[in-house]
Each structure stands twice: as C-alpha cells, then as structure tokens.
Amino acid sequence: MEYTNNKYFVIDFDSTFTKVEALDVLGEIALEGKADKTERLKEIKEITDEGMNGSLTFRESLVKRLEILDAHQKHLPKLVDELKKQVSKSFQRNKEFFKNYKDKIFIISNGFKDFIVPIVNEYHIKTENVYANSFEFDKSGNITGFDQNNALSVNGGKAKQLKDLDLQGDVYVIGDGYTDYEIKAAGMANKFYAFTENVKRDNVLEKADHIAPSLDEFLYLNKMNTAISYPKNRINVLLLENIHPHAVEVLKEEGYNVEVYPAGLDENELCEKIKGVSILGIRSKTQVTAKVLENADRLISVGAFCIGTNQVDLEACLKKGVAVFNAPFSNTRSVVEMAIAEIIVLYRGLFDRATAMHDGQWNKSASGSYEIRGKNLGIVGYGNIGAQLSVVAEALGLNVYYYDIQEKLALGNAKKCATLKELLSSVDIVTLHVDGRKENKNMIGEREFQWMKDGMIFINLSRGHVVDIEALQKNIDEGKIVGTAIDVFPQEPKSNSEEFISKLRGSKNTILTPHIGGSTQEAQENIAEFVPNKIMDYINTGSTSNSVNFPNLQLPALENAHRLIHIHHNVPGILAQINQVLADHEINIVGQYLKTNEVIGYVITDIDKAYDRELIKALRSIDHTVKFRVLY
Ligand code: NAI
C-alpha cells in the first residue's frame, strides 16, 4: 500500500456515491400526499438543471429548491433509509477500498451532512472527512435554510474547500458533475475521474482525465482493486438480432458495456464486429462459425437466446475455451399450453366449425364433438415438455400414457409404455415431444399410423422431420386421423415473406401453425432472464451448469479465497502440473474441482488470499492451456 501513501481520494456524493440526487428523494418524501407534488418535483428538477448549467448560481438554486421542498426534520430518517438502498452498485461492491483507505477519503459535496454522514459512515468514511452543507431548522423542526457561511453553498465551493484542506500529496477527484471537475481546473487536484455509473454529462466527460463507468474502473486504473478481478465496464457485450430488452437491462445492470444491434450479421460482418467482444448474444439467425471464432480475440461466452444451438460451432467454441449457454426450458410451458389448447379444439371439432362460420355455414350439431375428460393421451418423448404436459393434462382429466427411449420417472398417475407400439395402440390422442436427433427422422410413418386406433387426434409440436408427412396426409384422407395439429415441418420458410408450401394445406380438421409452439412474450422474457444469468454466473463464479458445450460444474460461492479458472486441452497430467506449480509457490488449496469432456479439461482451484504475479504467469504457461483467469 505504500505507493498510495500520499494519495487522497475526493469523492462526490449525489449521483456518485448514491445513484440519485438526495434532494429529489427528499422531495418525494416531503411532498407525499400533496396535490401539487408532481409539479413541484418537476420544478425542483428544472432548478437543479439551471443550477448545473449556470443560469442560476448554485446558492440561488439551493434557496429556491428548499423553498419548494417544504421539508421537515422528521423526513430525514426516511431519506437516509432510502439513500442507503441507493448507494451505487460499484461502491457497494468495493466496501473494502473505503475501509482500507478511510484516512485518505474525503467526501466533498454540495449536498447536506445531515444525510451524507449516516450513509458514508457505514462505509467507514470518517465524519470529519465529510465536507458538505448543513440544514437550518426553525423551532418546530421545519427546514428553513442552510449555513450560509459554508463554502460549499456557493459556486466554486469545492475548489475552495480543497484549498482550505491543504492536502499534502496527490489528489484524485471522482464525481459526476462540473463542480467536481472545477477542483482540478483550480489546480487543486492531479486527476479528475468522471463517474458515469449513474449519469453522463457531456460537458463533464469532455474535461475528464479518465471516464470511470464504475468505481471498479477507477480502482483498476490505479491498481487498487480487490473486489473484482476486472472492471465489468471493460467487458464488452454484443447483442444481435433484437434480443429482448430485459436481457439488455440485466447485462447493463451488471455493469457491462452493452452494444445492441437489431439484425443478424453475416460471417464477414461478425468477423469484424466480434473483435474486443467478451460476450456475444445471438438468436437463431447468426452463425457462429470457426472463422468467426478465429477473429474473436476476447470472447468468453456465447449466449444463444433460444433453444437450439445448431447455429453455433460448439466444438470450435470448446477448443477456444468459449462457454456456450442457451435457454432449454424457457418456453416449456408455452408449448404445453398450446398442446392442451389443440387437444381440446381438435377433440371438439372446433377448428373446422369455426372456419366454416367464416364461410357463412351455421352447423349446430353435437356430432364429432367430444370432451377430453377420460380420454387417453399418449406422449412420445417424456422430456421437459412431455413431462410438464403430463401433469397439466392429468389435471384436466386425461389418462396419460408415455413412451421415452430413456428411463423416465412417471409423474402423477401417468403410465409408462414399454414400446412405441404399445403407446400408439393404447391412446386416443398422440402428441410428439421428442428431440430432433437424426435417428428420429420419420419415426412416425405408415407402419406407426397402422398401430393407431381409428379416429385419432395427432399432434406434432417437436421437430418437422420426425413425421412422414405423406403417410400423415394419407391417414387424414382415409379418416384414420380425425384431427391434426402440426407446428413444425420438414421444410419451413426461411422468413415471413416466403410462401409456406405443404401437402397438408387444406386438410380436414387440421391446424397448421408457423413454428410458434414456444413463441410467447413470457417465453421471450424467460429467455432474456435465464441466459444472461447463466453467463454472469460463469463469469463471476466459473460455474458452467447448463452450458451446452462445457463440462458442467456447479460451484460454491467464493468466500475469502481466490479462484483460479484453468481451461486446457484434455491431455493427461495437467491437473498434476497445476498442483505442482501451486506447491512450488507454497500455495494452500482450499478447494478444487475438475471436470473434463473429450476436448477440454476444466479445473477450478480455490486458494488462500495471498499469491503473486509469478504464480499467475507459471499457471498460464503450462502447456495446453486454452484460457486462464482469476476471480478475486
Ligand atoms: P427434451 O430433450 O427435454 O426431451 C426430449 C425427450 O425425448 C427426451 O426425454 C428423449 O429421451 C426423448 N426421445 C428422443 N427420441 C425419442 C424417441 N425416438 N422415442 C421416444 N423418446 C425419445 O426436449 P424438450 O425441451 O422437452 O423439447 C421437446 C421437443 O420440442 C424438441 O424437439 C424441441 O426442439 C421441440 N420444441 C418445439 C418448440 C416449438 O416452437 N414448436 C418450442 C420448444 C421445443
């Protein structure tokens, strides 16, 4: 710590230490229930802005705002409680910095000690190191004004305060406002860091020596970071194909530098764009090829904001140590609900009846209309969707049968069938929920239709190539299948502008839908929540659970240790080499986790606090290392 001995840190409060302007929050509290609250708050904001852009002096703006506020002493505890919740994220993360440097940290603010002191005290900052205004109260406790002698109640006050402090050493100022820059302009600070985690002001950015999107960046630049290994704002995220805004929000909230792009990119465009990107988010259109990966110089993870991952070269990602995540369960419920709806609609003959009405046909009759209660439903493929459908269907009174090539536990009263033939010959409705593996091509063809009873309902919401469409068509025409719902097709149009071509068009009691089984707003939102969380978990803890290509490791939270994350080609002896390096450096291993697949080995080692750069260098230079990183 010696090299920081003569460094002082001057930190602003409003919109820097906390995310908000305290007087705005005080306004919300003090004006609660008043009829003209909205107008008054608006007025306060306008005056704040006028104060900032110089059309009012700071003192004038303060007097005016306090007048409108009508605040009272009794509002202050509430204000403090609220502000405690609003401390900037990166400040919360870096409590240790405030503790370690408590003698060197000064809060210099045009706000008020009355609320600043209780907040910053919790961060070990000393009361005597807080320089700010003080409220004045009348006898009944109303806030009537402020101490007019305080330098911080006038323009240029911060610079003057610094002058009075006469700190002997280097002074670094961190703040979001022009008044913070003025300290440096007056020659009272060595460097001014524009803090942009909460607000960005162009006139301030222009003047900054550095822009600090978070406190992590400031600490990183000054080699003082302890809370996280690498400032998150330096992690570039590129989100393509109009990914749901919730995902953008989640990733920004984490502190990443997020760039959003509405369309997909072709290979060459992506080869350019991928440079410097650590996290790539795509949907189904963007191809992440080996060539793209060759150009990816900082890529840590790819998030496929969908179910399928055929568009990503998983093997090439693996070889590069890039973990890929998708959202396999996010639309399970959506598919289940659609299957249930279709079972009812088809069994009741609603689809044809409703269509006929549009042609003017009034066909009131019970013929061909049935309840689903007590009917036998056959589910082929008892995975995520099949199993959830089983539960919901049973609740509606269906008898559930299922068949799966893997051993699957029956849920509720569902009956397991030993063969596909047993299932198909036992049920009134069959619905397919198998995965898209090659062997499943035409798994339902003429032979399978012959195993079914007459008068069946047939549903496929899984994959198009699973059903022999000609055989299906024949069985619809012959009356064996009396109701059909198909959402997926062997050949699907590539875009909404291409025509849908299929022999099934015009078939009786047949619902055709454009691969929308999983397409709901809820599913999109689930995906937007699930994928970023998996990626953040991987970056923050090394956990790879649910990764599509990495060996899956679920790791405990990191406490009082450093975590070394080592990805290597899966050749014998690497773990032994890692441990030898650690032994040579007399490092104590607190925990170690290893998992491999055919291509890579993934080793996580938690070690005691102390280590040096030599150790990191030695671990990096072990042969066959693909990637190495340290979490603090
Ligand atoms: P999953 O992988 O959890 O389940 C598939 C199950 O099918 C597994 O238990 C597997 O053992 C079984 N299976 C595979 N081949 C089989 C065979 N020949 N016979 C019997 N069982 C077999 O998959 P999940 O999430 O339940 O999805 C099921 C299907 O639904 C997938 O094909 C998926 O692509 C599709 N899907 C379609 C959507 C749409 O928009 N229509 C949306 C979401 C998924």
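This walk-through covers the domains, one interface between them, and the ligand site of a predicted model.

Let's begin with the overall layout. The protein splits into four domains: domain 1 covers 7-221, domain 3 covers 332-519 and domain 4 covers 557-631. Domain 2 is built from two stretches of the chain, 235-330 and 525-550.

Now turn to the place where domain 2 meets domain 4. Their C-alpha centres are 25 Å apart, and the contact draws on 15 residues from domain 2 and 13 residues from domain 4. The size of an interface is often given as the accessible area lost when the parts come together. For domain 2 and domain 4 that buried area is about 1,100 Å², with 57% of it on carbon and sulfur atoms. What holds for charge pairing across this interface? The rule finds 0 salt bridges between domain 2 and domain 4, while 7 residue pairs are in polar contact.

H23 gives the most, with 4 residues. Sorted by class, this side of domain 2 has 6 nonpolar, 6 polar and 3 charged residues.

Finally, have a look at the ligand. It is surrounded by 27 residues, and the closest are Ile385, Asp404, Val434, Asn440 and Asp487. Asp487 places a polar side-chain atom 2.8 Å from a nitrogen atom of the ligand.

Technical notes. Residues numbered from 1 in each chain as written. Predicted model: local features only at pLDDT ≥ 70, side-chain atom pairs only at ≥ 80, totals over all residues. Heavy atoms only, no water. Domains from an automatic or database assignment. Contact = heavy atoms within 4.5 Å. Buried area = accessible area lost by both parts, 1.4 Å probe. Salt bridge = Lys/Arg side-chain N within 4 Å of Asp/Glu carboxyl O. Polar contact = N/O pair within 3.5 Å; in protein donor to acceptor, adjacent residues only side chain to side chain. Helix = DSSP H or I, 4+ residues; strand = E, 2+ residues; numbered from the N terminus. Nonpolar A, V, L, I, M, F, W, Y, C, P; charged D, E, K, R; others polar. Near = heavy atom within 4 Å.
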